[in-house]
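My notes follow the structure.

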Amino acid sequence: MTLIAPTLQGFFTDRLAKQRQASPRTIAAYRDTLRLLLAFVHHQSAKAPSQLDWDDLDAAMISGFLNHLETERHNSTRTRNVRLTAIRSLFSYAALRHPEHAAVIQRVLAIPPKRYEKGIVSFLTAPEVDALLDAPDLARWEGRRDRALMLLTVQTGLRVSELIGLNCGDILLGTGGHVRCEGKGRKHRAVPLTSAVEAVLRVWVSERAGGPHDPLFPTRTGRRLSRDAIELRVSTHAATAAERCPSLLTKRVHPHVLRHSCAMSLLQAGVDTSVIALWLGHADIRSTQPYLHADLTTKEQALARTTPATVSPGRYRPTDKLLAFLESL
């Protein structure tokens, strides 16, 4: 019998923190996954998490947990795959430390990620963006903060985590105005600001009156906004904007949609996809390809350049019975 507790603790303190120097967000994501897994196994086996053995986490139990995520917690397939990645990372770490459990570990590592449908990227049109930005009540402090936050997001395409991490000192106004942020993988980047966005931020930074290391978009008490808080503010303003722009009723507006809207505006303006990838902080230019699929304007322009085929209308009709049979399948 080999308890998982010592290895699990070493996975976080040694593998993630020291060897990989994982970011706090990565550690938090792995922590949440394993906490959910241990709670599920405890419910199934009635054994305390600290008393669980590696044989208790066999492939059947892990598969049951993944099914539980989708059926009971209503997680998407992509979330299920992310949870599986965290579990596989733990078991890869345990493989060299517990050869006596090699068979159990290898069966878990053999569990494949599930394929999922990749929908078209959702984004806002220019009128929808205008309606959203006009929704906050500028007579209130929160309204002025929210408008500055959403305007900055639409123009720069920052991720929610990057918005949360912004400090007052990360905004440079004046000649060469830009915003500096730390993105995924601890990659730093700078995104230029338009004069309209810079004017709004100048007013907000003056009203905010924070120090260089204070959060740019705080709560009333001065703390950083949480991810849930930003999502709630955006969805609330989207509901208000839908009264003026009914097309918003058909879309689920969340902070990442504003990032998509930024990418689509750049693409429709003729900006090269490699530049868009740099703008958004993508590690691979292939991450920008979904925007090409979502942009009907580009496809319509390509269609307009094509010459109509001179093929006579009609459908192929096989002359042979066997070919006709194959055609009917």
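The entries below go topic by topic.

**Ground rules**

I am working from a predicted model: local features need pLDDT of at least 70, side-chain atom pairs count only at pLDDT 80 or more, and totals for chains, interfaces and linings use all residues. Residues are numbered from 1 along each chain as its sequence is written, and side-chain values use heavy atoms, with hydrogens and water left out.

**Salt bridges**

I searched the whole structure and got 15 salt bridges. The criterion is a side-chain nitrogen of Lys or Arg within 4 Å of a carboxyl oxygen of Asp or Glu.

I looked at K114 and E70 next. Their closest N and O atoms are 2.7 Å apart, in a salt bridge. K114 sits in the loop between α5 and α6 (126-133) and E70 in helix α3, so the pair ties together parts that are 44 residues apart in sequence. Helices here are DSSP runs (H or I, at least four residues), numbered from the N terminus.

I then checked exposure. Buried means under 20% relative accessible area, exposed over 50%, and partly exposed in between, with a 1.4 Å probe and protein chains only. K114 is partly exposed because its relative accessibility is 35%. E70, at 19%, counts as buried.

E207 and R144 form another salt bridge, with closest N and O atoms 2.6 Å apart. This pair links distant parts of the chain: E207 is in helix α9 (residues 195-208) and R144 in helix α7, 63 residues apart. I find E207 partly exposed at 31%. R144 is partly exposed too, at 27%.

R145 and D146 also meet through their side chains, at 3.0 Å from N to O. Both R145 and D146 are buried. Elsewhere, I noted a salt-bridge network that links R31, D32 and R35.

R259 belongs to helix α11 (residues 255-268). Leaving out residues up to four places away in sequence, R259 touches T153, G157, L158, R159, R189, L280 and H282. Contact means heavy atoms within 4.5 Å.

Q155 is in helix α7 (residues 141-156). It counts as buried because its relative accessibility is 13%.

**Positive phi**

Most residues other than glycine have a negative phi. Q21 has a phi near 50 degrees and lies in the loop between α1 (5-19) and α2 (24-45). At 52% relative accessibility, Q21 is exposed. H74 has a phi near 60 degrees. I place H74 in the loop between α3 (59-71) and α4 (77-95). H74 is exposed, at 66%.

**Helix pair α4 and α5**

The contact is made by I87, R88, F91, S92, A94 and A95 of α4 and I105, V108 and L109 of α5.

Conventions: Helix = DSSP H or I, 4+ residues; strand = E, 2+ residues; numbered from the N terminus.
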